[in-house]
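Welcome, and thanks for taking a look at this one with us. Please open the sequence and the model side by side, and then read on.

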Amino acid sequence: MGKFNLSVVGLGKLGVCTAACFVYKGYKVLGLDINKKTINLVNQSKAPVIEPRLQELLDKSRSNFRATTDSKKIIKNSDITFFIVPTPSKKDHSFSDECLKAALKPLAQDLKNKKAYHLFVIVSTVSPGTIEKKLIPLIEKYSAKKLNKDFGVCYNPEFIALGDVINGLLKPDMVLIGESDKRAGDKLEAIYKRVCENKPYIARMSIISAEIAKISLNVYVTMKITFANTLGRVCEKIEGAEIDKITAALGADKRVSPYFLKAGLSYAGPCFPRDNRAFYIFAKNCGVDALLSKATDYLNRFYVQYTTEKILKLVKNSKNKAVSILGLAYKVNTPEIEESVSIEIIRRLLLENKNIKISVYDPLAMENVRKIFGERIHYASSIDHCLSQSALWVIAQPHPEFKKIHHLHKKHLKKQKRITIIDFWRHLEPKKLHRKVRHLRTGHFHGEINGNRNRKS
Ligand SMILES: NC(=O)c1ccc[n+]([C@@H]2O[C@H](COP(=O)([O-])OP(=O)(O)OC[C@H]3O[C@@H](n4cnc5c(N)ncnc54)[C@H](O)[C@@H]3O)[C@@H](O)[C@H]2O)c1
């Protein structure tokens, strides 16, 4: 098998992209996964997940990226191992470390017979305290070796977003390194110096600090999203108020910054909601009531309800009780639907109106959505097909393809007397829509749709 520079355990959505970036920057990488299908695909240089640029990088990888299901090969054939296995949320919102422990145990046992130093890099999201309290003792127990003498440990979480993983890995704003000692941190920093195409801020600290920093960052970002959405709801009540002009002004101030300050459906995906909830639980266990993250979660759940009510009201007043929803993944360019707001809206619409007819379209996520809703909703074969099913269109994702509505809507207007569009991202240009289209942009006055009735909230 020969010697590899690095090994990556867990070749899923994040792991395979991380490994591909290492290979792209000249490392020889050995991957390990329990999924044989993934291993076969990687060994044929075929992308096992949908992610922009991944196939391009794999095409260039040649024999420098090999994968196996045999954990025995990892410790023997590499000196630095990255762990990128799932850490699903538990009922109490903390992260499960079961997969990490299952992945670490056989490698720790193999470390027993290794003379050279080995660096274990945990990339998976963990609850603060996990690495020092649980994972390092596990490695020491099964290897009978000493931390910082025979092996080192780093915590190195990523802050990527699906659909943009490769760019996020090659050009991060910041590389977070929690280190068991300087030697471990130096080795990991050297890798990032070679891999990153920009010069990111390298944040080195203790392992526990890095564990806290990882989830705190997402708590902060979700707080910004929530603030923008609250501001958007206020603007919907006031004629003339323009949400994007307001947030652009706020974002221009250095103290605020423009990122994730757009009203929309971004409290979603595999990281934001669960990191936010995990922080709340972590703080609570430390005796601190983190009301900010509690409020963020509450307000976003409320926002889904508020949005569903708006759609239900429009469906009730429509002729065929139908709605067309464009955009189902939690964001553009990914098939991932975990914690997607569209999915939650569909779930609630089905629950609250038994007669509703829902037609959906997404460029990548249709198969995943079918697994959830089966025959209860209609799966359109194109944007046009989806639009043809109703006179109420919901744009739940700012996908560039959805701009086709600018010209597509005209032909549908011939059949429908009036079309209503709920545009969550203000993706369409009002000037490009016929006057018979009622274009409801979030963060803009919605007139009688919102009304001014008091809500129970
Ligand atoms: N996906 C994201 O956007 C993202 C972003 C930041 C952090 N993370 C974190 O990264 C971790 C991985 O996330 P993901 O989205 O890549 O998950 P994933 O489910 O897409 O992939 C995990 C992979 O690990 C493999 N695996 C499971 N147990 C294993 C074992 N014992 N040995 C070897 N392989 C094993 C699975 O077969 C799978 O291929 C999680 O902790 C997640 O929170 C994910």
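This is a predicted model: local features need pLDDT of at least 70, side-chain atom pairs count only at pLDDT 80 or more; totals for chains, interfaces and linings use all residues.

**The ligand and its surroundings**

- Lys 13 uses its side chain, where an N or O atom is 2.8 Å from an oxygen atom of the ligand.
- Thr 125 takes part through its backbone, with an N or O atom 3.0 Å from a ligand oxygen.
- Val 85 also has a backbone N or O atom facing a ligand oxygen, here at 3.4 Å.
- On its own the ligand would expose 830 Å², and the protein buries 87% of that area.

**A nonpolar patch on the surface**

- Four residues, Phe 227, Ile 246, Leu 250 and Val 256, make up a nonpolar surface patch, and their accessible area together is about 290 Å².
- Phe 227 belongs to helix α9, which covers residues 207–235.
- Phe 227 counts as partly exposed because its relative accessible area is 47%, between the limits of 20% and 50%.

**Lys 371 in helix α14**

- Helix α14 spans residues 366–373 and includes Lys 371.
- Lys 371 has a relative accessibility of 67%, so this residue is classed as exposed, the cut-off being over 50%.
- Between Lys 371 and Phe 227 there are 33 Å from C-alpha to C-alpha, and the two are 144 residues apart in sequence.

Key:
Residues are numbered from 1 along each chain as its sequence is written. Side-chain values use heavy atoms; hydrogens and water are left out. Patches are made of residues with over 30% relative accessible area and no salt bridge: like charges are joined within 9 Å, nonpolar side chains (Val, Leu, Ile, Met, Phe, Trp, Tyr) within 5 Å. Accessible areas come from the Shrake-Rupley method with a 1.4 Å probe; for residues, only the protein chains shown count as cover. A salt bridge is a side-chain nitrogen of Lys or Arg within 4 Å of a carboxyl oxygen of Asp or Glu. Helices (H or I, at least four residues) and strands (E, at least two) are DSSP runs, numbered from the N terminus. Buried means under 20% relative accessible area, exposed over 50%, partly exposed in between (1.4 Å probe, protein chains only). A polar contact is a pair of N or O atoms within 3.5 Å; within protein, one must be able to donate a hydrogen and the other to accept it, and residues adjacent in sequence count only if both atoms are side-chain atoms.
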